[in-house]
Amino acid sequence: MSIPGEQTGREGAHSEHGVVVIDDDTPEGKVAVLRVGRVVAHADPGDITVVDRSSLFRGQMVLLASYPGGQAGVVIVTSVHTALDLAELHLHGGAAVAAGVPAGDLRRVTSLVHGDYVVSGPWLGRVVHILDEVDVLFDDGCVCRVDPAVAHQLEVVVGEDLNTMRRNMSSLLYPGQRVCAAAVATGQESVFQASQWFRRRDCRRRNAHVEGTVAKVEIGVVFVRWVASAHLGTDQDLLRESAPQAMIWMGRRLPHPLTFFDSGDECCWAVTDRCFFRRRDHHHRRRDVKFERPMSVAGMRTTADVLWQDGTRQHGLPSTSLAPFHTHVDEFVPGHRVVRLAAAVDAAGDKDGPAIADANGAAARSGVVRSLDVADQTVRVSWLKAAAPGEEPSEVECDETVSAYDLNKDLDHDIFYGDIVIRRRHGGSESGGRTEATAPATQGNQEVVGAVADDLSWVGRVVDICDAYVQVKWGNGNTSKQDNGGSNVDDEEDNNDNSALITNCGQEGVVHVDDCVRKEKIAGGVANGDGSFHFVQFDMVQSPSDHHYLEDTSQGIGGGKKWTKRVQKEWKILENCLPETIYVLAFEDRMDLLRAAMVGAAGTPYQDGLFFFDMQLPPCYPAMPPQVCYRSFGLRVNPNLDKSGTVCLSLLDTFAGEGTELWSPASSTLLQVLVSIQGLVLTEQPYYNETGYEEMIGKPEGARNALPYGENVYVLNLRTMLHLLRRPPAGFEALVRDHFRRRARFVLRACETYMQGCPIGMLDADARTTAAESGQRPCSAGLRLALTGILPRLVEVFTEIDADGCEQFDRLRDSLGAAPPPYSPASN
């Protein structure tokens with residue numbers, strides 16, 4: 001798959017080189033390639049070859065392109081090197097000018113581009129938009145200066161498609177381009193007529209000038225989003241209150257108020273970019289006496305150094321040997337700070353969220369990742385000695401191999417390779433003063449800007465990680481070690497939407513009332529004569545105090561007689577047609593609210609788990625779909641079920657879709673929503689629910705990520721069980737207790753089978769292996785370690801509720817002290 005920003009073509013054939021771009025007019029099945037002459041061509045993916053990946057950035061996660069199922073690595077900060085081949089400008093590629101020119105010897109058309117980091121006094125910001133000031137030279141010698149506010153009205157006369165230009169390639173216009181004024185309505189002045197004119201008297205006949213040549217491009221106005229301050233740090237609320245204005249004039253007669261510090265990760269060089277030599281006397285001298293004409297980047301060669309998950313380093317790897325690595329699974333690499341997830345749910349207190357504590361409930365100590373075994377999902381961690389209150393841990397206490405599923409990133413110490421950090425100044429002084437521990441000015445390999453024009457000592461980049469410390473190269477060139485403590489700045493350009501989105505919720509999720517077989521309703525949750533308990537699949541009770549939408553009355557409650565009639569119809573459908581593994585409560589005093597529970601299906605990582613959803617019907621229902629919130633306990637068990645409780649489903653209008661994927665007021669129902677969640681979200685391989693990841697089904701990179709994702713989901717399923725037994729949702733206390741009393745022995749049998757090596761999702765309803773298990777890769781050692789830690793707590797809580805088969809639990813508890821026997825499908 002071609003990725004926007006990749007360089008394509010044939011090795012050595014610069015005229016065929018291009019860069020993959022996003023083009024709305026690209027036919028289905030084609031890839032848009034911007035050629036050297038800035039002409040877009042649409043090619044079959046199989047007909048293009050990647051010749052360079054100049055978009056690699058410092059701190060980026062990568063895989064070996066030849067082994068996408070292998071370990072990941074991180075691009076080391078000082079290791080990305082790009083050499084460029086340059087050519088004269090020509091529609092089909094001009095004559096070569098120079099080869100192998102270091103990127104540092106070149107400059108772009110304008111001094112700043114979209115994404116650059118800049119400094120103004122004590123403020124650090126990022127360029128989000130630029131308006132150019134353009135001088136146009138006409139054939140008669142007249143020159144007009146087009147104001148930044150109207151320069152967008154200039155149109156290229158021939159050859160180039162500005163609609164598909166990369167926005168971070170500096171100005172879309174450059175010296176030498178032929179331009180004309182965009183058409184205007186009768187009686188309005190064209191962009192040339194309204195501009196400032198120079199040189200000749202007859203230039204006053206401005207309406208006679210319709211086409212000219214760009215002679216010079218300068219930045220006129222820059223819009224900046226301020227991300228940090230030397231005095232206020234990175235607190236976004238404080239920054240918004242005190243930051244300078246976002247719009248900054250950069251006129252030619254004004255002193256530049258911004259100092260360039262560094263480029264953003266997307267501000268890479270690419271084929272088709274226009275450039276100049278920084279020092280022309282050392283290179284090819286241009287002879288045009290009117291203005292300097294830029295050159296075009298015709299070819300590139302990028303190399304990088306990579307630190308791999310197993311702790312090894314490789315240097316000078318060609319960029320084509322690496323592939324960008326994107327996953328929503330936590331991937332640990334050497335240098336990551338981590339904390340251990342506690343097996344005991346009690347450590348979480350009364351708040352939703354994963355328990356992060358030691359066995360005694362104290363705050364967990366922090367550790368540094370040394371290496372990770374991808375196949376086993378085990379991590380070698382150096383745990384740090386606890387520090388005195390108010391101090392940061394700095395000494396290594398011991399090393400330990402633990403399960404990757406028992407670790408979380410330490411968000412209090414999340415500075416990493418490539419991060420930009422600042423040292424806050426105290427006392428309001430521009431120079432001198434006390435500094436404190438670093439705090440990232442922006443996260444995730446974003447290259448940042450320097451500080452004040454004459455003082456860059458307060459902002460720098462992390463270049464290495466040494467146990468509890470990070471090594472920072474500051475803007476003034478000095479390098480120092482700092483405590484790894486700080487907080488990340490939210491990047492407002494990144495929507496941080498990690499939710500995967502289901503868009504294929506079509507006819508298979510539709511249930512029609514006429515097709516349902518009417519069920520006999522059991523009158524309430526009662527104990528039968530044989531001692532078993534039956535929970536009514538649909539019932540009406542009083543609204544619970546813990547319902548997510550209980551206090552949400554902003555839109556009002558109910559919507560009149562028509563609304564009430566529709567809700568009652570929905571209730572009847574639910575009463576008659578619910579699948580056996582879905583339960584719903586409606587509320588007599590709040591007709592707009594419902595609460596649903598569903599049981600995880602056999603053969604999935606969700607097997608025997610319970611999953612709860614709160615729903616609210618808006619007053620305009622069914623014109624709008626219901627609101628749905630998942631009770632997550634702070635655990636993300638699925639790409640479509642966010643920790644916040646958001647359910648990402650096109651049927652709920654939480655993601656774009658089309659046709660039957662979307663909510664239809666005429667035909668969609670609450671039953672359809674519930675069946676869709678159970679059938680399309682809680683699936684056998686939830687990893688592929690991530691947006692676009694279905695393309696990786698059957699590919700090595702897909703299997704590499706899907707297997708550990710499924711194992712981690714199963715561990716989260718077990719942790720969710722512990723949360724539910726401790727705090728069951730109101731109204732469903734009896735269901736939670738009865739379900740786990742009946743299914744506890746199957747939950748523990750599944751754990752035993754997985755500890756013996758059975759792959760996740762290969763068990764039937766009785767927790768015995770299925771025929772589909774044959775030939776599958778066994779589960780990882782990391783999963784077995786995680787289960788060893790969580791099983792004692794499961795045995796304890798199942799014993800407390802007198803679960804069926806309690807006599808087997810003691811045997812299981814005793815067996816945890818010994819190594820699990822070798823896995824054999826026949827033994828199950």
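The close-up views below are taken from a predicted model.

**View A. D467 in the loop between β31 and β32.** D467 is found between β31 (459–466) and β32 (469–474), and its phi is near 55 degrees, a positive value in a residue other than glycine. Most residues other than glycine have a negative phi.

**View B. Q377 in the loop between β25 and β26.** The loop that holds Q377 runs between β25 (366–373) and β26 (378–384), and Q377, although not a glycine, has a positive phi of about 55 degrees. Q377 counts as buried, because its relative accessibility is 10% and buried means under 20%.

**View C. The cis peptide bond from Y621 to P622.** Omega of this bond is near 10 degrees, and P622 lies in the loop between β39 (610–616) and β40 (627–630). Most peptide bonds are trans.

**View D. The crossing of helices α5 and α6.** The axes of α5 (residues 733–755) and α6 (residues 781–800) come within 10 Å and cross at roughly 155 degrees, and the two helices are therefore roughly antiparallel to each other, since angles over 145 degrees count as such. The crossing is left-handed. Residues that make the contact include R737, F740, A744 and V747 of α5 and L783, R784, L787 and T788 of α6, and the contact residues divide into 13 nonpolar, one polar and three charged.

Notes: Residues numbered from 1 in each chain as written. Predicted model: local features only at pLDDT ≥ 70, side-chain atom pairs only at ≥ 80, totals over all residues. Heavy atoms only, no water. Axes fitted to C-alpha atoms, helices over the stretch in contact; angles between N-to-C directions. Helix = DSSP H or I, 4+ residues; strand = E, 2+ residues; numbered from the N terminus. Parallel < 35°, antiparallel > 145°, perpendicular 65-115°, else oblique. Left-handed = near helix turned anticlockwise from the far one by under 90°. Contact = heavy atoms within 4.5 Å. Nonpolar A, V, L, I, M, F, W, Y, C, P; charged D, E, K, R; others polar. Buried < 20%, exposed > 50% of the residue type's maximum accessible area, 1.4 Å probe, protein only.
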